[in-house]
Amino acid sequence: MTTPSQIHWLDALVARLGRKFVIGVPMVFLLLVFALPFLVVFKISVSESDGVRFVDLLTWADGILQLKVRFSNYLYILFEDALYLEAYLSSIKYAALTTVICLAIGYPFAYFLARSPADIRPGLLMLVMLPFWTSFLLRVYAWKMLLADSGVFNNIALAMGLIDEPIKMMYTPFSLTLGMVYTYLPFMVLPLYANLVKMDIRLLEAARDLGATPWQAFWRITVPLSKGGIVAGALLVFIPCVGEFVIPELLGGPQTLMIGRVLWDEFFANNDWPMAASVAVVMVLLIIVPLALFNKYQAEQSAGGRA
Amino acid sequence: MRNPAGERTSKVWLIGGFAFLYLPILTLIVLSFNASPLVTTWAGFSFKWYGELVRDTVIIEGFLLSLKIALMTATASVLLGTFAAVALTKFPRFTGRTFFSGMVNSPLVMPEVIIGLSLLLTLVSLQRLTEDLFGTGWPDRGTFTIWIGHTLLGMAYATVVITSRLREMNPQLEEAALDLGAKPWQVFFLVTLPLISQALASAWLLSFTLSLDDVVLSAFLSGPGSTTLPIAIFSRARLGLNPTVNAVATLTVLVVSIGVVAASLWMARLERKRAREMAAAMKT
């Protein structure tokens with residue numbers, strides 16, 4: 001090994017500056033475009049808007065420093081208009097439902113994928129990834145064609161005489177949940193697959209030798225060992241689902257209130273920026289615990305590198 | 001341990017899962033050749049909607065703008081992502097490391113409406129500040145601001161891809177180069193970079209497609225006149241079914257599938273070649 005004293009002082013300087021540069025560039029970028037914006041959103045959520053500009057929080061008038069903070073938006077969200085709380089609750093409900101269904105479909109899928117013959121496995125994995133690469137917007141739109149009243153499913157069922165009149169599927173909780181499960185399924189399958197494919201098969205053989213049935217071995221060995229993949233997959237599905245906008249906008253209806261849409265409307269339809277900011281702040285508070293869990297998981301992943 | 005019933009379940013589940021994933025995509029493609037303007041009522045085979053597409057200036061201009069932003073995003077994301085990945089893997093301790101990794105990882109799951117809104121409000125505040133200070137506001141909403149937003153997202157994905165490659169890399173290769181007298185920056189450019197080149201290519205492609213596909217961030221960050229392709233598609237899809245959207249979709253799926261399959265085959269070949277060279281080097 002090269003000891004520090006053997007490195008020329010100029011090289012040491014270059015190395016130290018290089019290190020500062022490598023850390024500093026992404027750090028500054030993230031501070032400016034990710035961390036700072038959260039402070040700005042909070043500031044605007046408690047600001048007064050005179051329509052065009054936001055009144056400064058701190059004002060200096062007549063020798064008195066005034067701090068004007070307005071919590072009225074938050075009070076409005078929490079107590080005045082039930083719409084907001086309902087939207088938050090319903091977003092969490094749909095996100096949780098989506099996560100559970102994704103796990104129920106995705107776990108066996110990932111399991112069978114990981115146990116499939118090694119020669120076709122890369123091909124199958126690519127088939128899971130491919131929809132992920134093609135436009136998410138277009139894939140969500142595609143469900144509209146399948147589920148609409150005069151859509152593919154209804155047309156086929158009508159033509160076959162299975163039903164007499166079209167079944168209403170679009171713009172219902174069903175179409176919304178289906179769209180979210182469809183979109184987020186690969187996010188559940190991929191971490192589960194990565195986890196299950198690494199599992200030591202000998203553990204299951206040992207369990208069988210000791211008299212466990214395949215079912216017992218699955219629940220007592222495979223599932224506990226894949227806990228990391230389950231947690232990662234669940235968080236990757238749940239957190240973005242809470243604030244999902246495009247899917248509820250295209251596939252949801254009047255019954256399916258989602259907070260992402262409320263925020264969008266406050267911003268784009270009502271032009272009420274402080275209100276949109278307040279909705280965003282409350283949304284961040286809702287997902288902060290799962291988000292912290294996710295970050296912890298990612299940090300462990302990167303720390304536990306070469307096992 | 002052969003278990004015919006289990007194998008059947010496994011096959012059925014996998015086929016069912018893939019059918020679920022691919023059914024909507026196939027429907028899009030088949031119906032794009034439908035002659036009828038009523039998208040889901042079949043009225044014969046036709047290339048009509050592809051012809052319409054060529055004359056559709058909103059779609060064409062949207063595509064060109066999206067392409068430009070995606071190229072800029074992918075490049076910036078890979079640069080920043082490489083920096084962040086090197087920082088996270090090679091420097092186990094630095095001030096603010098936990099915070100740093102939190103900031104890199106959060107955009108992966110953070111709802112896009114939150115990122116879009118907060119970034120927009122910040123950019124607007126900046127624009128007002130510069131207007132007060134210098135008389136002209138900067139930045140205007142448009143290509144530049146969309147690029148910033150997409151890069152934040154693309155960088156997070158790029159960092160994950162590059163970090164995992166750096167982790168599984170054999171550290172002895174870099175140590176050997178250092179022992180042989182290479183300077184740290186030479187090691188990075190001559191040993192590390194070539195070894196992670198595949199991950200860089202994947203990260204580039206991934207952030208490229210993310211940018212090409214993004215609706216929410218673009219909608220918040222775009223200004224008048226900067227309508228990207230997804231914004232154009234989204235505004236049509238909101239109103240109902242639209243045959244031109246199907247034609248766009250089919251072309252996208254075609255290009256992406258060919259691109260991804262070709263890229264993975266090429267990468268698999270590189271991987272094999274490298275493994276051979278590695279084995280040869282170890283032998284001598």
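This is a predicted model: local features need pLDDT of at least 70, side-chain atom pairs count only at pLDDT 80 or more; totals for chains, interfaces and linings use all residues.

Reader: What makes helix 7 of chain B roughly antiparallel to helix 8 of chain B?

Author: The axes of helix 7 (residues 171-179) and helix 8 (residues 184-195) of chain B come within 10 Å and cross at roughly 160°. Angles over 145 degrees count as roughly antiparallel, so helix 7 of chain B is roughly antiparallel to helix 8 of chain B. The crossing of these helices is right-handed.

Reader: Which residues of helix 7 of chain B and helix 8 of chain B meet?

Author: From helix 7 of chain B come B:L173, B:E174, B:A177 and B:L178, and they meet B:V187, B:V191, B:T192 and B:L195 of helix 8 of chain B. By class, the residues of this contact are 6 nonpolar, 1 polar and 1 charged.

Reader: Why are helix 5 of chain A and helix 1 of chain B called roughly perpendicular?

Author: Helix 5 (residues 136-147) of chain A packs against helix 1 of chain B at an angle of about 75°, and their axes are 8 Å apart. Angles of 65 to 115 degrees count as roughly perpendicular, and the two helices are therefore given that name. On the side of chain A, the contact is made by A:L138, A:R139, A:A142, A:W143, A:M145 and A:L146; helix 1 of chain B contributes B:P24, B:I25, B:T27, B:L28 and B:L31.

Reader: How many residues of chain B are in contact with chain A?

Author: There are 67 such residues in chain B, and they are in contact with 81 residues of chain A. Helix 1 (residues 4-31) of chain B gives the largest share of its side, with 12 residues. The side of chain B that touches chain A consists of 46 nonpolar, 16 polar and 5 charged residues.

Reader: What makes A:Y171 partly exposed, and what makes A:N271 exposed?

Author: A residue is buried with 20 or more other C-beta atoms within 10 Å, exposed with 12 or fewer, and partly exposed in between. A:Y171 has 19 such atoms and is therefore partly exposed. A:N271 has 11, so A:N271 is exposed.

Reader: How do you know that the peptide bond from B:W138 to B:P139 is cis?

Author: Its omega is near 0°, and the bond is cis. B:P139 is placed in the loop between helix 5 (112-134) and helix 6 (143-168) of chain B.

Reader: Which residues touch the most other members of the largest nonpolar core?

Author: Among the 151 residues of that core, they are A:L263, A:V279, A:A280 and B:L117. Helix 3 (residues 57-90) of chain B supplies the largest share of the core, 14 residues. Leaving aside residues up to four places away in sequence, A:V279 touches A:I77, A:Y84, A:I259, A:V262, A:L263 and A:E266.

Methods:
Residues are numbered from 1 along each chain as its sequence is written. Chains are lettered from A and ligands numbered from 1 in the order in which they are written. Axes are lines fitted to C-alpha atoms, for helices over the stretch in contact, and angles run from 0 to 180 degrees between N-to-C directions. Helices (H or I, at least four residues) and strands (E, at least two) are DSSP runs, numbered from the N terminus. Angles under 35 degrees count as roughly parallel, over 145 as roughly antiparallel, 65 to 115 as roughly perpendicular and the rest as oblique. A crossing is left-handed if the near helix is turned anticlockwise from the far one by less than a right angle, and right-handed if clockwise. Two residues are in contact if their C-beta atoms, placed from the backbone, lie within 7 Å. Ala, Val, Leu, Ile, Met, Phe, Trp, Tyr, Cys and Pro count as nonpolar, Asp, Glu, Lys and Arg as charged, and the others, Gly among them, as polar. A nonpolar core is a set of buried Ala, Val, Leu, Ile, Met, Phe, Trp, Tyr and Cys residues joined through C-beta atoms within 7 Å.
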